[in-house]
Amino acid sequence: MTILRTILNLLWLIVSGIWSALAYAIAGAIMFLLFFLIITIPFGIASFRLAGYALWPFGRTVVPDPDAGVASTIGNIIWFILAGIWLAIGQFLVGVALCITIIGIPFGIANFKLARLSLNPLGKNIVPVEYADAARTGFQSYVPVQ
């Protein structure tokens with residue numbers, strides 16, 4: 001299974017991963033540099049986490065953070081307006097283009113997952129697939145991938 005994930009991730013890098021990660025990194029840099037507001041720093045951090053996930057998505061999954069509260073909901077609303085909607089539209093369009101061919105369907109589905117995550121990234125953890133069940137229940141027996 002690990003070999004298949006590695007092959008998928010390498011193909012993903014060529015097809016969509018580098019460009020997706022670059023888009024998230026640019027959004028993160030904008031959040032850090034352009035706005036110069038303390039309130040946008042968590043959005044920059046979330047964007048860089050998404051960039052890392054966009055580079056190597058197969059074998060990792062997104063689970064809700066059991067400790068997330070109202071602040072992450074409010075942050076997601078602000079994120080949606082500043083960057084989330086634009087990143088999600090881009091991921092969705094690339095996903096549709098990739099789903100035109102049979103070979104591109106797994107990569108299109110990965111783009112759709114990233115589009116959904118782009119809309120509300122705060123209050124989520126990116127974890128290896130093997131630790132997803134433990135992460136969902138809130139047990140600290142896993143190491144979250146930041």
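Biologist: Which residues of α4 are buried?
Modeller: In this predicted model, the buried residues of α4 are Phe107, Gly108, Ala110, Asn111, Leu114, Ala115, Leu117 and Ser118, where buried means under 20% relative accessible area with a 1.4 Å probe, protein chains only. Residues are numbered from 1 along each chain as its sequence is written, and local features need pLDDT of at least 70, while side-chain atom pairs count only at pLDDT 80 or more.

Biologist: What covers the buried residues of α4?
Modeller: The cover includes the helices α1 (2-34), α2 (41-55) and α3 (70-98), along with the strands β1 (60-64) and β2 (124-128); helices are DSSP runs of H or I with at least four residues, and strands are runs of E with at least two, numbered from the N terminus.

Biologist: And at what angle do α3 and α4 pack?
Modeller: Their angle is about 170 degrees and their axes, which are lines fitted to C-alpha atoms over the stretch in contact, lie 7 Å apart. The two helices α3 and α4 are therefore roughly antiparallel to each other, a term used for angles over 145 degrees.

Biologist: Switching topic, which residues touch the most other members of the largest nonpolar core?
Modeller: Trp12, Tyr24, Trp79, Leu87 and Leu114 do, in a core of 22 residues, meaning buried Ala, Val, Leu, Ile, Met, Phe, Trp, Tyr and Cys residues joined through side-chain atoms within 4.5 Å. α2 gives the most to this core, with 6 residues.

Biologist: What does Leu87 touch?
Modeller: Leaving out residues up to four places away in sequence, Leu87 touches Ala23, Tyr24, Ala27, Trp79 and Ser118, with contact meaning heavy atoms within 4.5 Å.

Definitions and conventions: Side-chain values use heavy atoms; hydrogens and water are left out. Buried means under 20% relative accessible area, exposed over 50%, partly exposed in between (1.4 Å probe, protein chains only). Axes are lines fitted to C-alpha atoms, for helices over the stretch in contact, and angles run from 0 to 180 degrees between N-to-C directions. Angles under 35 degrees count as roughly parallel, over 145 as roughly antiparallel, 65 to 115 as roughly perpendicular and the rest as oblique.
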